[in-house]
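I opened this notebook to keep track of what I looked up in one structure. The entries follow the order in which I went through it.

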Amino acid sequence: AELVDRFGPAPPEVETLLTLAAMRPAAMRLRTPRVTWKNERLFVTVPDPAEDAWFHAHRFQGFLAALA
């Protein structure tokens with residue numbers, strides 16, 4: 001609220017940046033190494049099965065179901 005009071009409404013790019021910053025802790029808890037926004041699309045990188053077998057054994061199916 002203080003930023004809006006001082007500088008006015010944030011441009012869409014700033015809103016996107018703040019949204020991504022807020023999403024990163026959740027992405028880290030899910031063990032997804034990268035979350036990016038490009039061309040108005042959200043990209044979530046899942047770990048390589050060879051590097052994080054636990055993710056694929058315990059999280060991947062639930063992750064896909066949540067996206068559907």
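**Entry 1: the loop.** I began at Asn39, which sits in the loop between strand E1 (34-38) and strand E2 (41-45). The model I am reading is a predicted one. Glu40 lies in the loop between E1 and E2 as well.

I looked up the backbone angles next. As background, I noted that most residues other than glycine have a negative phi. Asn39 is not a glycine, yet its phi is positive, at about 50°. Glu40 is not a glycine either, and I read a positive phi of about 60° for it.

**Entry 2: the surface patch.** I then asked which residues form a nonpolar patch on the surface. I found Trp37, Leu42 and Val44 there, with about 260 Å² of accessible area together.

I checked two of these residues separately. Trp37 is found in strand E1. Its relative accessible area is 42%, so Trp37 is partly exposed. Leu42 belongs to strand E2. I noted 41% relative accessible area for Leu42, which means that this residue is partly exposed too. Both values fall in the range between the 20% limit for buried and the 50% limit for exposed.

For Trp37 I also looked up a distance within the chain. Thr16 is 21 residues away from Trp37 along the chain, and their C-alpha atoms are separated by 7.9 Å.

**Entry 3: the largest pocket.** What is the volume of the largest pocket? I wrote down about 150 Å³.

I went through the lining after that. Leu42 and Val44, already in my notes as patch members, are among the residues that line the largest pocket. The lining also includes Met23, Ala26, Ala27 and Leu30.

Last, I sorted the lining of the largest pocket by residue type. I recorded 10 nonpolar residues, two polar ones and no charged ones.

Note on methods:
Residues numbered from 1 in each chain as written. Predicted model: local features only at pLDDT ≥ 70, side-chain atom pairs only at ≥ 80, totals over all residues. Heavy atoms only, no water. Helix = DSSP H or I, 4+ residues; strand = E, 2+ residues; numbered from the N terminus. Patch = residues over 30% accessible without salt bridge, like charges linked within 9 Å, V, L, I, M, F, W, Y side chains within 5 Å. Areas by Shrake-Rupley, 256 points an atom, 1.4 Å probe, with all protein chains shown as cover. Salt bridge = Lys/Arg side-chain N within 4 Å of Asp/Glu carboxyl O. Buried < 20%, exposed > 50% of the residue type's maximum accessible area, 1.4 Å probe, protein only. 1 Å grid on protein atoms, 1.4 Å probe; cavity = no way out; pocket = protein on both sides within 12 Å on 5 of 7 lines; lining within 4 Å. Points joined across faces, edges and corners; volume = space filled by probe spheres on them. Nonpolar A, V, L, I, M, F, W, Y, C, P; charged D, E, K, R; others polar.
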